[in-house]
Amino acid sequence: MLRAYRAGLFPMAETRRGDRLYWLDPEQRGVLPLDRFHLSRRLRRTVLSGGFTVTTNRDFHGVIAACAAPAEGREDTWINPEIERLFGALHRMGHAHSVEAWLPGDGGPQLVGGLYGVALGGAFFGESMFSRARDASKVALVHLAARLRLFGFTLLDAQFQTAHLAQFGCHEVPRQFYKRLLSEAVEEQARWDDAVDADQVRAEILKLRGD
């Protein structure tokens, strides 16, 4: 898995119930520039308001299970049990990470949004995100970008550009250009840190460019 990511490949299953994995190497790659990550004023207020509690690696398996679950407008996903097993193994090795967004609920905090991906050198490969409350996945993505900047990451791979990600500055780059960016990023000495100070994260969020 790590050799494949280093080469610019990533796995997907055809369906949730499918048992075959495919390695993708798209001609155009979606990239979120960490130095020009776009954060609107409205979302900045939401992120900094404290309405969501944001954690990292507190419930990796809950995040990937939520990403795999059917949702409105998406009855099937590409995350099959083998994908869950493989990324669970990467998580135990310290290479796969999650960001979780929580809201208060009956019986305690409820997981309402999040994302997960793979870290390799200074590259982070975003895999999937989910949201069960307005702005929950967006808040998780903003926290991810702020943390990656603090930790010294230089590449945030989004795999494919979408209208949702375009609002944050995501754009497509040709395969060969992406692989040049990747070859440089994986040699960087970035390091994920779950214990980063919350005030540092807040200060980094304030640096993100707004409207």
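**Aromatic pairs, cores and one threonine**

Tyr-5 has a relative accessibility of 1%, so it counts as buried. Before I go on, please keep in mind that this is a predicted model. Phe-125 is likewise buried, because its relative accessibility is 0%.

I begin with these two residues because their rings form a pair, with centres 4.9 Å apart. The planes meet at 55°, so the pair is classed as tilted.

Another aromatic pair is made by Phe-60 and Tyr-116. This one is edge-to-face, at 5.8 Å from centre to centre and with 80° between the planes. Phe-60 belongs to helix H3, residues 60–68, while Tyr-116 belongs to strand E6, so the pair links parts of the chain that are 56 residues apart. Both Phe-60 and Tyr-116 are buried. Ring pairs also bring in Phe-87, giving a cluster of Phe-60, Phe-87 and Tyr-116. Over the whole structure, the search finds seven aromatic pairs.

Next, the nonpolar cores. The largest has 38 residues, and the members that touch the most others are Leu-32, Val-142 and Leu-144. Several elements supply at least two residues each, including helix H2 (41–48), strand E5 (96–103) and helix H8 (198–207). Which element gives the most to this core? That is H5, with ten residues.

Setting aside residues up to four places away in sequence, Leu-32 touches Phe-37, Leu-141, Leu-156, Ala-158, Leu-165, Phe-168, Gly-169 and Cys-170. There is also a second, separate core of 30 residues.

Is Thr-55 buried or exposed? Thr-55 is buried, because its relative accessible area is 8% and the cut-off for buried is under 20%. Thr-55 sits in strand E4, residues 53–56. Leaving out neighbours within four places in sequence, Thr-55 is in contact with Ser-98, Val-99, Glu-100 and Trp-102.

That is the end of my slides.

Note on methods. Residues are numbered from 1 along each chain as its sequence is written. This is a predicted model: local features need pLDDT of at least 70, side-chain atom pairs count only at pLDDT 80 or more; totals for chains, interfaces and linings use all residues. Side-chain values use heavy atoms; hydrogens and water are left out. Helices (H or I, at least four residues) and strands (E, at least two) are DSSP runs, numbered from the N terminus. Buried means under 20% relative accessible area, exposed over 50%, partly exposed in between (1.4 Å probe, protein chains only). Contact means heavy atoms within 4.5 Å. A nonpolar core is a set of buried Ala, Val, Leu, Ile, Met, Phe, Trp, Tyr and Cys residues joined through side-chain atoms within 4.5 Å. Rings of Phe, Tyr and Trp (its six-membered ring) pair if their centres lie within 6.5 Å; planes under 30 degrees apart count as stacked, over 60 as edge-to-face and the rest as tilted.
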